[in-house]
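This report describes spaces, helix contacts and an aromatic pair in one protein structure. Please keep the sequence and the model in view while reading.

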Amino acid sequence: MHKLIKELQQNGQTFSNGIKSKNGKLLYREEEIMERWLEYGKELYEISKNPNQRIMNEEDGLPILKEEIKEAMKKIIAGKANGIDNLPIEFFKNMNEEALNIITELVNGIYMTGAIPDDFKKTVMIPLPKKKHSTDCSDHRTISIITHASKILLEVILRRIRRKIEENIGEDQYGFRANKGTRDGIMELNIIAQKAIKDHKTLYIGFVDFEKAFDRVDHGKLLEMLKKIGIDGKDLQIIRNLYQEQKAAFKIKNKFTEWFNVNCGVRQGCKWSPSFFNLYSEEIIKEALDGTKGILIGGTNFNRIRYADDVAVLA
C-alpha cells in the first residue's frame, strides 16, 4: 500500500482531475489544492474544542516492563511507512538489551508523567481517491501515518486495557474483534432469515451506514466511557493527553499542509481506534435499540447485527 501511494504521488496522478473548492470550483494549482485540503481538515476535525477532563487516581497504573516492550515490538508489522521522525520499526526490532533498557526507561518516563513527545501527537494523512475522477475531498479516504516509536507505547497500553473494553461490547458486534468477522455476521443473519421463513414471519432489515462515524467521536464522552469501565488512571492520562493535544497535516505530492488540531474522532492509524470506536458505538446503539422488539429466537431477542459502523437493524 505504501509503495502504491508513493507511485501515485510521484507520478502526479492523485489529483490530476483537480480538487473542488468549498463552492464547487475546480482547483488545479498546487497551492490552492493544499489550501483546500487544510480547510477541509479544519472543518472536519476542529469543529469542537476538547474538554480538559480531570483524571481521578492518576497514580493508578503499574510501570511498564521490558518484556511488555518486547511483546509490543513483535506485534508491530515491519515494512510500514515511517512517521515524521523517519525511524523505521526495524530500528527498534533489532535493538540489543542495552538499547531495550534505554527504550523501556524512556517509555516509562512518558507513562508515569503523562508528558507526550510532540512527534507522538502528529499524524500525517495521505488522501487516496475512492474512485476514478474524484474531485471532492470527501470522496477520498486517507491513509494515516504515525511514528513507530509511539506505536510501542500504544500497543503496551492496548494490551493492558483490551480485556476491559471487550467485556463491555455486545456479542452482536463483529467488527475489529478476535475470532469474529463478516462471515459470522452473515451466517447469523442467514440463520435468522431462515428461522423467520420457517415460522412464516415477516422479517424487516434496515441497513444503516453512519456517515464519517469514526471522525465524529466526541473525545469527552469517550473518556467518560473509559473511566466508567475502570481503566487505570495512568492509562487514562496518556489517552487524554494524546487525544487532546493531537495534530495532523495532509501530505500532497511530498509537501505538507499546515498542521491543524484534531478535536474529534478516533485517531487514524492508531491501534486503539478500533476498540475505542466499538466501545463508543456500543453506548449509542444501546440508547437507540435496547428494549426494541426484534426477532425472538430461543428466548433471545435479536434486533441488530453490527460490523463496526455498519448496522443491520432487525424487526
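How many cavities of 30 Å³ or more does the count come to? The count comes to 1 cavity of that size. The structure is a predicted model, and every value below was computed from it.

## The cavity

Rolling a probe the size of a water molecule over the atoms shows where empty space is left. In the largest cavity, that space amounts to about 60 Å³.

The residues lining the largest cavity are Tyr45, Thr123, Met125, Gln246, Ala248, Val262, Cys264, Val266, Arg267 and Gln268. Sorted by class, this lining has 6 nonpolar residues, 3 polar residues and 1 charged residue.

## The largest pocket

The volume of the largest pocket is about 1300 Å³. Its lining is made up of 43 residues, and those nearest the centre of the pocket are Thr142, Ile143, Ser144, Gln268 and Gly269. Two or more lining residues are given by each of helix H1 (2-10), helix H2 (30-45), strand E4 (140-145) and helix H11 (273-289).

Which element gives the largest share of this lining? Strand E4 does, with 6 residues. By class, the lining of the largest pocket consists of 22 nonpolar, 9 polar and 12 charged residues.

## Helices H3 and H7

Helix H3 covers residues 66-75, and helix H7 covers residues 148-166. Their axes come within 9 Å and cross at roughly 105°. An angle from 65 to 115 degrees counts as roughly perpendicular, and H3 is therefore roughly perpendicular to H7.

On the H3 side, the residues that meet H7 are Glu68, Ile69, Glu71, Ala72, Met73 and Lys75. Their partners in H7 are Ile152, Glu155, Val156, Arg159 and Arg160. The contact of H3 with H7 has 5 nonpolar residues, no polar residues and 6 charged residues.

## Helix H9 and its two partners

Helix H9 (residues 219-228) has its axis within 11 Å of that of helix H10 (residues 233-244), and the two axes cross at roughly 175°. Angles over 145 degrees count as roughly antiparallel, so H9 is roughly antiparallel to H10. From H9, the contact uses His219, Leu222, Leu223, Leu226 and Lys227, while H10 supplies Leu236, Ile239, Arg240 and Tyr243. By class, the residues of the contact of H9 with H10 are 6 nonpolar, 1 polar and 2 charged.

How do the axes of H9 and H11 cross, and at what angle? They come within 10 Å and cross at roughly 90°, which means that H9 is roughly perpendicular to H11. Here H9 contributes Lys221, Leu222, Met225, Leu226 and Lys228, and H11 contributes Phe276, Leu279, Tyr280 and Glu283. The contact of H9 with H11 has 6 nonpolar residues, no polar residues and 3 charged residues.

## Aromatic pairs

The structure holds 11 aromatic pairs. One of them joins Trp37 and Tyr40, whose rings lie 5.7 Å apart from centre to centre, with 90° between the planes. This arrangement is edge-to-face.

How far apart in helix H2 are Trp37 and Tyr40? Because Trp37 and Tyr40 are 3 residues apart in H2, about one helical turn separates them.

Technical notes. Residues are numbered from 1 along each chain as its sequence is written. This is a predicted model: local features need pLDDT of at least 70, side-chain atom pairs count only at pLDDT 80 or more; totals for chains, interfaces and linings use all residues. Side-chain values use heavy atoms; hydrogens and water are left out. On a 1 Å grid over the protein atoms alone, a cavity is a set of points where a 1.4 Å probe fits but cannot get out, and a pocket is an open set with protein on both sides within 12 Å along at least five of seven lines; lining residues have an atom within 4 Å of a point. Grid points are joined across faces, edges and corners, and a volume is the space filled by probe spheres set on the points. Helices (H or I, at least four residues) and strands (E, at least two) are DSSP runs, numbered from the N terminus. Ala, Val, Leu, Ile, Met, Phe, Trp, Tyr, Cys and Pro count as nonpolar, Asp, Glu, Lys and Arg as charged, and the others, Gly among them, as polar. Axes are lines fitted to C-alpha atoms, for helices over the stretch in contact, and angles run from 0 to 180 degrees between N-to-C directions. Angles under 35 degrees count as roughly parallel, over 145 as roughly antiparallel, 65 to 115 as roughly perpendicular and the rest as oblique. Contact means heavy atoms within 4.5 Å. Rings of Phe, Tyr and Trp (its six-membered ring) pair if their centres lie within 6.5 Å; planes under 30 degrees apart count as stacked, over 60 as edge-to-face and the rest as tilted.
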